[in-house]
Amino acid sequence: MPNRMEKVASDVMGAVKTAKAKIEGLSGVFQHLTREHGEVTALLLRVKMTSDPRVRAELFPKIRAELLSHEKGELAVVYPVFRERIELMDFAQDHDREAGLLEAQIHVISALAYDDARWADRFAELVDLASKHTKEEENKYFPAAQRVLGPQVSAELLPLYEQAKARAAVTVS
Ligand SMILES: [Fe+2]
């Protein structure tokens with residue numbers, strides 16, 4: 001039976017491989033967002049495997065800043081474009097709800113001390129929410145948007161997303 005460390009290493013490799021396969025069918029902002037999912041997933045799994053409050057204290061603020069600025073960038077730039085297209089507008093609705101859940105869970109964890117006995121369970125819930133959310137985006141929302149919007153709009157949205165994310169990062173970190 002694989003030990004815990006091996007299991008986490010294989011989860012991380014799995015996330016990287018999945019993200020790589022997904023990226024091949026996507027371009028512009030959708031490829032970039034999928035790559036960011038792979039990076040934050042590796043951090044989430046790294047923190048999930050430890051109960052050391054020092055590792056949590058070092059990495060959780062990075063995870064929080066990354067998840068919040070990523071979501072705010074998407075909400076400001078990407079999903080408003082979904083709302084303009086009949087084929088995509090339902091995804092924008094679903095996305096808003098899921099982003100709200102993610103944000104609420106991040107605030108729940110932020111209110112706990114890093115050595116609180118509840119920290120691991122609350123963090124595991126965040127990992128599950130983030131994983132469900134990124135899978136939905138990568139398997140459903142992004143491929144549909146890539147098809148409907150095409151490579152040119154996908155490329156044009158990338159610098160706009162990066163600016164919105166950078167603006168959001170100032171307020172969330
Ligand atoms: Fe999102």
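Predicted model: local features only at pLDDT ≥ 70, side-chain atom pairs only at ≥ 80, totals over all residues.
The crossing of α2 past α3 is left-handed.

Both helices contribute a series of residues to this contact. From α2 come Val 29, Leu 33, Glu 36, Val 40, Leu 43, Leu 44, Arg 46 and Val 47. The α3 side consists of Val 55, Arg 56, Leu 59, Phe 60, Lys 62, Ile 63, Glu 66, Leu 67, His 70, Glu 74 and Val 78. By class, the contact residues of α2 with α3 comprise 12 nonpolar, one polar and six charged.

The largest nonpolar core holds 15 residues. Within this core, Val 29, Phe 30, Val 78, Phe 82, Phe 142 and Ala 145 touch the most other members. Val 29 and Val 78 also take part in the contact of α2 with α3. Two or more core residues are given by each of α2, α3, α4 (89–110) and α5 (119–172). Helix α5 supplies the largest share, six residues. Phe 30 touches Phe 142, Ala 145, Gln 146 and Ser 154, with residues up to four places away in sequence left out of the count.

Another core, of 11 residues, lies apart from the largest one. Its members include Phe 60, Ile 63, Leu 126 and Ala 130. Phe 60 and Ile 63 are also among the α3 residues in contact with α2.

Conventions
Residues numbered from 1 in each chain as written. Left-handed = near helix turned anticlockwise from the far one by under 90°. Helix = DSSP H or I, 4+ residues; strand = E, 2+ residues; numbered from the N terminus. Contact = placed C-beta atoms within 7 Å. Nonpolar A, V, L, I, M, F, W, Y, C, P; charged D, E, K, R; others polar. Core = buried A, V, L, I, M, F, W, Y, C linked by C-beta atoms within 7 Å. Buried ≥ 20, exposed ≤ 12 C-beta atoms within 10 Å, placed from the backbone.
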